[in-house]
Amino acid sequence: MSFLGEHLPLISLVIGVGVLLFLNIKLKINSILSLIFAAVLVGFMNGMKPLAILDTIKEGLGSTLGSLALIIGFGAVLGKLMVDSGAAQRIASTLIERFGAKYVQWALIIIGAVFGISVFYEVAFMILAPLVIGIAVEAKTPFMKLAITMVAATTLSHNIFPPQAGPTALVDAYNADMGMVYILGMIVFIPSVIIAGIILPRFMKRIDYPIPPLLQKRKNFTDSEMPSFGLSLFVPLIPAILISISTILSLFITEDTILHEIVSFIGSAEISLIIPIITAIVMFGLRKGKDMDTMMKSFETGLKGIATIIFIVGAGGAFKEIILEAHVGDYIADIMKGTNISPLIMAWLITALIRIATGQGVVSAITAAGIVGPLIPTFDVSPVLMVLATAVGSNTITHVNDASFWLFKEYFNISIKDTFKTWGCVVINDICNRINGCLNIGSIYLK
C-alpha cells in the first residue's frame with residue numbers, strides 16, 4: 001500500500017480542516033456552507049460514494065441536533081427570560097456586592113464547577129453565559145475575561161468528575177475507586193482552574209468584544225422590579241438539582257421499572273430545562289404583573305436569536321460524522337497499539353489524538369481505555385491515575401469538528417480566529433496544567 005493510501009484518513013482530515021478554515025476566514029463564507037463543503041470533500045477523498053456522503057451528512061446533522069437542538073434552544077430561552085426579567089442583573093449585582101469586582105471570578109469558578117459536574121456541558125454553557133454577560137456589564141469588565149473563567153471551571157469539572165458520562169465510564173472501564181478519583185481529581189482541578197481561569201485572562205489582550213445582540217440588556221432594572229437573589233439563583237439551578245437527584249436515585253432503583261423511567265425522564269436534560277422555563281415565566285413574569293404575551297415575546301426572541309447557532313452546530317455534527325466514517329479514530333488507535341511507553345502517557349496520548357481528530361470526547365476516552373486498560377496489571381499502575389490521565393486527554397484541543405467550539409463562537413458572536421484565541425487558549429492551558437497535575441500525583445502516589 002502507498003504512503004498516501006496508508007495515511008489517507010489523517011491526510012484527508014488535515015486537508016478538510018484547512019479548506020474549512022480557508023473558506024470561512026479568507027473567503028468569508030458562512031460557517032454552515034463551509035462545514036458542509038469540507039465534509040463532502042473529506043468524504044470524496046476517502047472513497048465514499050456520493051449518496052453515502054449525503055446519508056452520512058444527514059445522519060450526523062440529525063443525531064447532533066436530535067440531542068442538542070432542544071438543549072440549546074431551551075437554554076437560550078431560559079437565559080433570555082433571566083435577562084429580560086432582571087434576574088441576571090440581580091445575580092450579577094449581588095455577586096459583585098459580596099465578592100467585589102476584583103474577586104468575582106472566584107464566584108464564577110464555584111458556580112461553573114457545580115454546573116460542570118451536575119449537568120451536560122451545553123446546558124451549563126447556555127445557562128451560565130447570560131450570567132457572565134450580566135456580571136461583566138455590572139463590573140465594567142470585558143465579558144470574555146469572565147467567560148474564560150466560567151468555561152475553564154465548567155470544562156475541567158465536567159471532564160474529571162463523575163457522574164458525568166466520560167469519567168463515570170472510565171471509572172467502570174479501569175475498575176477505579178470513585179472516591180479517590182474525586183480526591184486526586186481535586187488536586188488536579190484546583191491549580192488548573194486557577195491558572196487557566198484566573199491568571200490566563202489577565203495576560204490576554206484585545207478581548208473587549210461587544211455584547212452579543214441576544215444578550216443585550218434592554219434596561220437597568222430597579223430593585224423592586226428584580227426578583228430576589230435566592231429566586232434568581234434557584235431557577236437556573238433547577239436543571240442541576242433535578243439531574244443530580246435523578247443520577248443519585250438511579251443508583252438505588254432497579255432498571256426497566258416505571259419508577260426508574262419516571263426518574264430518568266424528569267432528570268433528562270430537556271425536561272430539566274422545561275421546568276425552570278415554566279418556573280421563570282410564572283415567578284419572573286406573571287407574578288410580577290407581566291402578561292403572557294410579554295413573556296412569550298421573550299421566549300420567541302430567545303429562539304430566533306439561537307436559530308443560526310443550532311444550524312451551525314448541526315453542520316459541525318455532519319462534518320464530525322464524515323470524519324468518523326473515514327475511521328480516523330481507528331487509524332490513530334492502530335498506530336498506538338504497538339508502542340511500549342508508559343500506560344499513563346499512552347492513555348493521554350491516544351485519547352488526545354482521537355479527540356483532536358474526531359471531536360468525540362467520550363468516544364476517544366473509551367477507545368483509549370479499551371487499548372490501554374489491559375496494560376494496568378503489567379505496569380502496576382494506579383487505575384485512579386489512569387482515569388485522570390484519560391479524562392485529561394478527552395478534553396484536549398477542540399476545534400472545528402467539536403460542537404462546543406461552534407457554540408462558543410456563535411453564542412458570543414466572535415470570529416473563528418478569536419475563538420481559537422480565547423476558547424483554544426483555555427483548553428491548551430487546561431491540558432498543560434492537568435498533565436502536570438497527573439504527573440505530580442503519579443510521582444507521589446506511586447512512591
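Helix 11 and helix 12 run roughly antiparallel to each other, a label for angles over 145 degrees. The model here is a predicted one, where local features need pLDDT of at least 70, side-chain atom pairs count only at pLDDT 80 or more, and totals for chains, interfaces and linings use all residues. Residues are numbered from 1 along each chain as its sequence is written, and side-chain values use heavy atoms, with hydrogens and water left out.

**The helix pair**
- Helix 11 (residues 229-250) packs against helix 12 at about 155°, and their axes lie 8 Å apart.
- On one side, the contact (heavy atoms within 4.5 Å) uses Leu242, Ser246, Leu249 and Ser250 of helix 11; on the other, His260, Val263, Ser264 and Ile266 of helix 12.
- Sorted by class, that contact has four nonpolar, four polar and no charged residues.

**Around Thr64**
- Thr64 sits in helix 4 (residues 50-85); helices are DSSP runs (H or I) of at least four residues, numbered from the N terminus.
- Thr64 counts as buried because its relative accessibility is 8%, and the cut-off for buried is under 20% with a 1.4 Å probe, protein chains only.
- Leaving aside residues up to four places away in sequence, Thr64 touches Ala69, Val313, Gly314 and Gly317.
- Ala403 is 339 residues from Thr64 along the chain, yet their C-alpha atoms are separated by 8.4 Å.

- Mean pLDDT (the predictor's confidence in each residue, from 0 to 100) is 79 for the protein chain, with 84% of residues at 70 or more.
- Confidence is highest in helix 12 (residues 258-266), at a mean of 90, and lowest in helix 21 (residues 416-445), at 59.
- Residues 443-447 have pLDDT below 50, and this stretch has seven contacts in the model beyond near neighbours in sequence.

Key:
Helices (H or I, at least four residues) and strands (E, at least two) are DSSP runs, numbered from the N terminus. Buried means under 20% relative accessible area, exposed over 50%, partly exposed in between (1.4 Å probe, protein chains only). Axes are lines fitted to C-alpha atoms, for helices over the stretch in contact, and angles run from 0 to 180 degrees between N-to-C directions. Angles under 35 degrees count as roughly parallel, over 145 as roughly antiparallel, 65 to 115 as roughly perpendicular and the rest as oblique. Ala, Val, Leu, Ile, Met, Phe, Trp, Tyr, Cys and Pro count as nonpolar, Asp, Glu, Lys and Arg as charged, and the others, Gly among them, as polar.
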